[in-house]
Amino acid sequence: MIKRSMRIKTLFAKATGVVFAVAGGLPVGKEGPMIHTGAIMGAGLSQGKSSTFGCDTRWSKIMAFRNDMEKRDFIACGAAAGVAAAFGAPLGGVMFILEEGASWWHPELTWRALLCAMISAFVSNMCLSGIHGSKWGLLSRDSLLAFGGKNHNPWEYSAWEIPCFVLLGVIGGALGIAFNAINERITRWRRSWPQGRVRSVLRYIELIGVCLVVGFLSFGIPMVSNRSFCRRKSTDTCSGDEDLVEEYTVQMYCDDGDYDPLATLWFNSPEHAIKFLFYHPSTTDISSPCNIPAGALVAFGVPYLLCAVVTYGVATPSGLFLPMILSGAAFGRLSGMPFAWLWYEAGIGAASHGTYALIGAAAMLGGVTRMTISLTVIMIETTGSVQLGLPIFLTALAARVTGNLMNEGLYDIHIALQHVPFLPWDPPKWYKSIRACDIMSHNPITVSIAERAGDLLKKLKLYTHNGFPVVVIHKKGQRSRYRRLCGMILRKHLCQLLSPQFRSRVLIEGDAISEQNQDPNRFSDASGDTKKRKVPNGKPTRRPLGDAKGSQVRNTHSTRKPLDWSELEAGYPHFPVAASISLTQEEEAKFINLRQYCDPVPHMVPAEASVWHVYNLFRQLGLRHLCVIDNNGDVIGVITRQDLTEAHCRQCFDIGWSTKPSMRTWHPLPAHKRKRCKSEAYIEYDSRPTWTLHPRCRYTRESTERDDGYGDEKLEDDKDIGEPDDNLPSTENINPSVVTGSLNQPGH
């Protein structure tokens, strides 16, 4: 989660900023901030606390929702509620978070999101009906951004026109390619500005400049056109919604009884301008006064789209739906003029220009965002055009296919520019040809199952990773070292264990552990029976009782009760920071039994597993870390979401974006040569022994001292897993089998 994106301060900034942005006439939508506002409300309700106001409901049952999984679900439900409140489309809200918002989906989230969206749409409808209607409680008002007509719905079309709709989708995809490419270039230029106060000043100057340019165009273009596009308000000979034309038209410089279509498009709010394009009367005669002039559509659509491509990304809350629907409706109505005339001349009933405006809006929005399912449902719910479901879907699909030929959707582009490791639903096909050992972080930072407190604190301060594999370290000879995986523990839990509040309950004297190592009955129960288990090679081996599920080891040297899961998660989401923790010399010499507090069965894959399989595990199970083991069960690497991004995988093989991956033409780079991989941790190669993997990951390990001059270069450390520190004191003389136990905790 992006830091400070779900704070109450962010909510106030979004709500205030979008009001002034929309009122100022910028080409932005209000639905984006509303979705973010709903997500913030969901995140806040799931925690039942606020650091800004200093309130906490620890005494209530909300404590059960204070974990990462429930918080993600509440955020998704809040986002669906935001879409439902904006468009009055609860089903569209659920489809939106399914298609664009949620990185992990499960059946229970479906009915939760639908319930939140239904309630949100109901409350929004009731409030709008009370404010603008006759009395409270009478639901007679549509949502904020409903595009349904009052007296007329011109959604008739002929089945022979569907190819024309698909062609509009292709044109919308081409426009989406250009829009996304230009906006990406502008965003990269903005991100190249100097950091700190200079960037803040430049962002303010840019925002003021954009406002001046948009205001100049909004007033200047209608003024320059003068009376060129004046039309009569009377629509007796035209079929359409007369009340709508009378309500939204702007006279400008025209005579009494006339109106200026260009000024009407510029001076109305986006939702009113969209209704004007959808329901304005039209005829098959292009030169008829019933139609909106083609010149007015061009004079509005082109400048408005250019303003939208510059405005998206400035320092103001903004949405993308309304600008794309409005500009797409203008181009769709413009394209509908020749199509309608063509079908009329062929003797086939033609759709109105308003129908083409609706299809053009779907094409433009689909070409920019690459949405299909949620776009179709939202357009149907906001306009009531159920009969246009198939044409809208085919149009959005054509726009998506066309756009994906050149670049990604605008949401995905901005996620990549922010370096957020968001995984799409489907991995690239070439992931089937590469293995986990090709992209993993080699030699991860590990902690022993019985770790010295001083060593553990040094690792926490030296590295900023969020997860550490728990291992049993065995040494054979002077240069061979084996690390058997026993579990995974998160950074926040290690900091919680070392905090002054709990350290007295978890620290163990070293001599007590040594005495337990000499206990001849440490593998037996009270009656002297020995527990045995079978291993794959058929030889029975002894196992400590603490390894059994639900068992507890008797500690004769301490009667202190281990921490339970609720105590470990008591401070969620704020946990102690390693930099603020200090230990005395006596405490540094003590040990911590990490088996009691780690996840004893972490997800793991063999090194030969395909990245396609690893990707699906992360996507379907919502994983955060995945250990990579060799044939002996020793941990040799860890994979996180950052490692599964296509940019990282291409860097691991030194493949440019213009090169099509092929196993015949490229081979994986060694870990120490991946200098461009942001997910690689900083490694002191001149003093740290590492594992050398033989070709095709056949794990005959060799301990080598690497001296390639790379130790002086420090890579950016934004990974969850890094390298082990062999300079820290070892606990190899401690038998970890005696410090066993279990913790009833949910899986990580």
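A residue counts as buried here when its relative accessible area is under 20%. With that cut-off in hand, take Cys 77 in this predicted model: its relative accessibility is 6%, so Cys 77 is buried. For a disulfide, the two sulfur atoms have to sit within 2.5 Å. Cys 307 is another buried cysteine, at 9% relative accessibility.

So where is the bonded pair? Searching the whole structure turns up 1 disulfide, and it links Cys 230 with Cys 254 at an S to S distance of 1.9 Å. Cys 230 sits in the loop between α7 (197-225) and β3 (231-232), while Cys 254 sits in the loop between α8 (242-248) and β4 (258-259), so the bond ties together parts that are 24 residues apart in sequence. If you check the geometry, the torsion about the S-S bond is about -90°, which makes this disulfide left-handed. Both ends fall under the burial cut-off: Cys 230 is buried at 19% relative accessibility, and Cys 254 is buried at 5%.

Now hop over to the start of the chain, where the theme is charge. Lys 3, Arg 4, Arg 7 and Lys 9 come together on the surface as a patch of positive charge. One of them, Arg 7, lies in the segment before α1 (8-23). Its relative accessible area is 30%, so Arg 7 counts as partly exposed.

Terms used: Residues are numbered from 1 along each chain as its sequence is written. This is a predicted model: local features need pLDDT of at least 70, side-chain atom pairs count only at pLDDT 80 or more; totals for chains, interfaces and linings use all residues. Side-chain values use heavy atoms; hydrogens and water are left out. Helices (H or I, at least four residues) and strands (E, at least two) are DSSP runs, numbered from the N terminus. Buried means under 20% relative accessible area, exposed over 50%, partly exposed in between (1.4 Å probe, protein chains only). Patches are made of residues with over 30% relative accessible area and no salt bridge: like charges are joined within 9 Å, nonpolar side chains (Val, Leu, Ile, Met, Phe, Trp, Tyr) within 5 Å. Accessible areas come from the Shrake-Rupley method with a 1.4 Å probe; for residues, only the protein chains shown count as cover. A salt bridge is a side-chain nitrogen of Lys or Arg within 4 Å of a carboxyl oxygen of Asp or Glu. Lys and Arg count as positive and Asp and Glu as negative; His and the chain ends are not counted. The place of a charge is taken as NZ of Lys, CZ of Arg, CG of Asp or CD of Glu.
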